[in-house]
Amino acid sequence: QTYYLVMNNISTTGACFYANQENITLNMNSHTLFFTQASTVIRTFSDSWNFGNNFEIMNGEIVQTSASGQGNGGTGLITFQGCDGCKVHDMRLITLSFMYPNIAINFPATGTIEIYNNDIQRNDQTISNGHTNVAAIHTAALDGVEHIILHHNNISGRPWLFDIGGKSVAGGRVTIYDNNWYPVKYNRNPYAIILEAAGGGEVYNNTIISNNSRGISIQGTTIGPQQGYIVYDNYIDVGEELIPGVDGAGTHAFRIRPYPEPPYPISSNNRVYNNIVIARTKPGSYATAGYLSSWDNTSIYNNTFIAISEDGIQEAESVAMEGGDFAGGSFYNNTLISNMFNIKNGGANGATSNGLFISNKLVKMGNLPNYRTFVIGYWVYEAINNSFRDTEFINGSSKNSLTLLGECDLVDTNGDGVGDTTICAKLGVDFSWILTTKVVDGLGNFLNANIQIRDINNALVL
């Protein structure tokens with residue numbers, strides 16, 4: 001093991017340390033490395049492609065002092081390429097340039113990388129109306145990556161803050177826990193955490209707080225089923241403001257969806273439980289606590305989804321479903337709270353059919369005149385065979401508080417860009433309850449008994 005101890009502060013325009021041998025520790029010794037240019041300051045390979053496995057950097061600061069240049073996502077302040085057993089911990093990392101990550105993990109990164117106990121700030125404030133596709137911790141090509149472990153960090157600034165892989169990436173397993181996330185919107189579709197590689201992983205005990213961003217997005221891959229993400233015990237409280245010059249205004253606090261565009265790669269094999277998810281409207285914006293449009297073998301249970309329309313005008317829904325047959329999914333024992341809509345099924349990307357929703361609580365909050373427990377339908381999309389079993393309606397929510405929004409329209413069915421066939425939306429929902437009765441004696445023993453159920457007129461019902 002080779003050990004380097006920094007004895008003074010360092011100033012540089014850009015590249016400073018290359019680790020092209022294995023087993024190197026760089027201890028910043030509470031000193032600061034100042035730099036200006038958006039280039040790789042520290043990286044774990046040399047131009048001759050010798051790799052720096054087991055590289056560790058700790059105990060200091062690396063600070064960009066001016067936003068000189070622009071990044072591309074492939075390289076960052078710290079860049080890991082071909083690194084196994086590499087660690088970044090007890091560091092403060094600050095970047096200012098556009099599309100310039102604090103930590104970039106790039107091809108051919110393999111093995112395990114651990115990032116912990118850091119203060120990571122991506123302070124670029126460039127307004128962009130595009131998907132910049134660059135996060136504070138950014139992964140570019142992860143087919144060979146075995147595991148990224150991210151814990152006990154404070155991560156703030158321009159979303160995205162963490163991005164794992166891409167829709168065509170096979171590897172990239174993650175474990176993300178006990179981090180604090182503070183994202184801020186400067187571009188379209190900002191998120192604290194984006195999960196889309198097929199390797200799957202666990203995300204738990206994180207706190208995401210923002211007045212102007214989104215929370216967690218699980219997205220699909222084009223290479224086949226994901227191993228799946230397990231997301232639990234997280235606290236998310238977000239809203240998203242309208243920014244002039246940036247399309248889209250509205251927050252998805254938590255999202256599972258095929259993405260980006262057709263053929264809509266599937267996100268599958270996910271489990272989401274014990275999370276508290278809050279979405280709040282901001283001026284000019286809507287708010288969705290749980291946005292669900294990819295159900296394939298996905299279980300969502302024991303969560304609390306809260307959607308609040310702060311002005312009583314902007315739309316807020318506890319759960320919005322846009323597309324995706326239920327396909328082995330499950331949704332049970334969740335609590336959905338809203339002052340606007342508890343469940344909205346249907347939107348620009350479609351609607352959900354064949355769903356089974358069991359033992360959920362739907363809670364009305366406040367007394368807005370435009371409150372609805374259910375809003376079902378959008379354009380000509382089909383939303384049928386959705387069953388709500390053993391639903392508990394609380395504080396004024398009701399199965400009768402229902403709005404249907406489907407319509408008929410000319411739809412292009414032959415691909416020539418011209419509507420040729422009139423299609424009307426098919427909508428349907430049913431409610432059922434299972435009544436279980438037991439007879440016990442004074443000692444609590446169950447007894448065999450014939451039970452009759454009669455209505456208020458004493459007529460036999462069952």
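Numbering the bonded cysteines of the protein chain in sequence order, what is the pairing? The pairing is 1-2, 3-4.

## Ground rules

This is a predicted model, where local features need pLDDT of at least 70 and side-chain atom pairs count only at pLDDT 80 or more, while totals for chains, interfaces and linings use all residues. Residues are numbered from 1 along each chain as its sequence is written, and side-chain values use heavy atoms, leaving out hydrogens and water.

## The disulfides

Count a disulfide as a pair of cysteine sulfur atoms within 2.5 Å, and you get two of them here. In general, a disulfide is a covalent bond between the sulfur atoms of two cysteines.

One joins Cys83 to Cys86, with S to S at 1.3 Å. Both Cys83 and Cys86 are buried; buried means under 20% relative accessible area, exposed means over 50%, and partly exposed is in between (1.4 Å probe, protein chains only).

Cys408 and Cys424 form a disulfide too, with their sulfur atoms 1.9 Å apart. The torsion about that S-S bond is about 110°, so the Cys408 and Cys424 disulfide is right-handed. Cys408 sits in strand β41 (residues 408–411) and Cys424 in strand β42 (residues 421–424), so the pair ties together parts that are 16 residues apart in sequence. Strands here are DSSP runs of E, at least two residues, numbered from the N terminus. Cys408 has 46% relative accessibility and counts as partly exposed, and so does Cys424 at 39%. As for Cys16, its relative accessible area is 29%, which makes Cys16 partly exposed.

## Around strand β8

Which way do the side chains of β8 (residues 78–81) point? Ile78 and Phe80 go one way, Thr79 and Gln81 go the other, and all are buried.

Strands pair if DSSP finds at least two bridges between them. Strand β6 (residues 42–43) pairs with β8 in the parallel sense over two bridges, and Ile42 stands opposite Ile78. Strand β10 (residues 103–106) also runs parallel to β8, joined by four bridges; there, Asn106 is the bridge partner of Gln81.

## A look at Asn275

Asn275 is in the loop between β26 (271–273) and β27 (276–280), and at 4% relative accessibility Asn275 counts as buried. Its side chain reaches the backbone oxygen of Val231 at 3.1 Å.

Leaving aside residues up to four places away in sequence, Asn275 touches several others (heavy atoms within 4.5 Å). Among them are Val231, Tyr232, Asp233 and Asn302.

How values were computed
A polar contact is a pair of N or O atoms within 3.5 Å; within protein, one must be able to donate a hydrogen and the other to accept it, and residues adjacent in sequence count only if both atoms are side-chain atoms.
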